[in-house]
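I would ask you to look at the sequence and the structure together as I go through a few features.

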Amino acid sequence: MNENGFEVTMREERILSVSQINNFIKNVVEQIPLLESISVKGEISNCTIHRASGHIYFTLKDEGSLIKAVMFKGYADKLDFRLENGMKVVCHGKINVFVRDGQYSLYVDSVKADGIGSLYEAFEKLKKKLEYMGKTGTW
């Protein structure tokens with residue numbers, strides 16, 4: 001091991017543990033000012049309210065990509081509307097790395113509604129069409 005705590009082979013190759021590399025990446029992300037306060041626009045999907053903690057977990061996506069997002073209870077309690085799948089929103093927060101899982105996410109501190117997402121609109125059109133055809137159910 002060298003003075004930095006890294007295992008060194010004969011070629012001076014650094015060998016990092018999973019925890020070390022994830023902590024390193026977290027530290028790099030935390031040094032980027034743009035990622036400390038950022039607004040991201042997208043459509044909500046996979047929205048889940050964790051009953052025990054009160055945190056809200058969801059995916060924010062657009063036509064080309066997605067990002068996992070979490071809104072912790074303290075911020076979620078300040079919402080004046082309910083987050084739902086299909087909503088278009090603008091989320092404000094910061095990008096952070098959850099070291100244990102090696103995943104980065106948007107840690108949301110506020111949300112503004114920005115309309116209805118295209119996937120939700122397609123679902124509503126299909127629902128109306130089925131109702132018109134006499135096919136009713138619990139949606």
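I begin with the side chains of Lys26 and Glu30, which meet in a salt bridge with an N to O distance of 3.1 Å. Please bear in mind that this is a predicted model. Both residues belong to helix α1, residues 18-30, and because they are four residues apart there, about one helical turn separates them. Glu30 is partly exposed, at 31%.

The count of salt bridges comes to four. Among them is the one between Lys73 and Asp77, whose closest N and O atoms are 2.8 Å apart. Here Lys73 is partly exposed, with 37% relative accessibility, and Asp77 is exposed, with 54%. Another joins the side chains of Arg100 and Asp101, at 2.9 Å from N to O. Arg100 counts as exposed at 65%, whereas Asp101 counts as partly exposed at 40%.

I turn now to the strands. Strand β3, residues 38-49, pairs with strand β4, residues 56-61, in the antiparallel sense, through five bridges. Ile49 has Ile56 in β4 as its bridge partner. The two strands form a hairpin with six residues between them, and in the turn Gly54 has a positive phi of about 85°.

Next, the aromatic residues. How many aromatic pairs does the structure hold? There is one. The ring centres of Phe72 and Tyr107 are 5.5 Å apart and their planes stand at 80°, so the pair is edge-to-face. Phe72 lies in the loop between β5 and α2, while Tyr107 lies in strand β7, residues 103-116, so the pair ties together parts that are 35 residues apart in sequence. Phe72 is partly exposed at 32% relative accessibility, and Tyr107 is buried at 19%.

Finally, the largest pocket has a volume of about 310 Å³. Its lining consists of 14 residues, and those nearest the centre are Tyr57, Lys68, Ala69, Val70 and Ser105. The elements β3, β4, β5 and β7 each give two or more residues to this lining. By class, the lining has seven nonpolar, five polar and two charged residues.

How values were computed
Residues are numbered from 1 along each chain as its sequence is written. This is a predicted model: local features need pLDDT of at least 70, side-chain atom pairs count only at pLDDT 80 or more; totals for chains, interfaces and linings use all residues. Side-chain values use heavy atoms; hydrogens and water are left out. Two strands pair if DSSP finds at least two bridges between them. Rings of Phe, Tyr and Trp (its six-membered ring) pair if their centres lie within 6.5 Å; planes under 30 degrees apart count as stacked, over 60 as edge-to-face and the rest as tilted. Buried means under 20% relative accessible area, exposed over 50%, partly exposed in between (1.4 Å probe, protein chains only). On a 1 Å grid over the protein atoms alone, a cavity is a set of points where a 1.4 Å probe fits but cannot get out, and a pocket is an open set with protein on both sides within 12 Å along at least five of seven lines; lining residues have an atom within 4 Å of a point. Grid points are joined across faces, edges and corners, and a volume is the space filled by probe spheres set on the points. Ala, Val, Leu, Ile, Met, Phe, Trp, Tyr, Cys and Pro count as nonpolar, Asp, Glu, Lys and Arg as charged, and the others, Gly among them, as polar.
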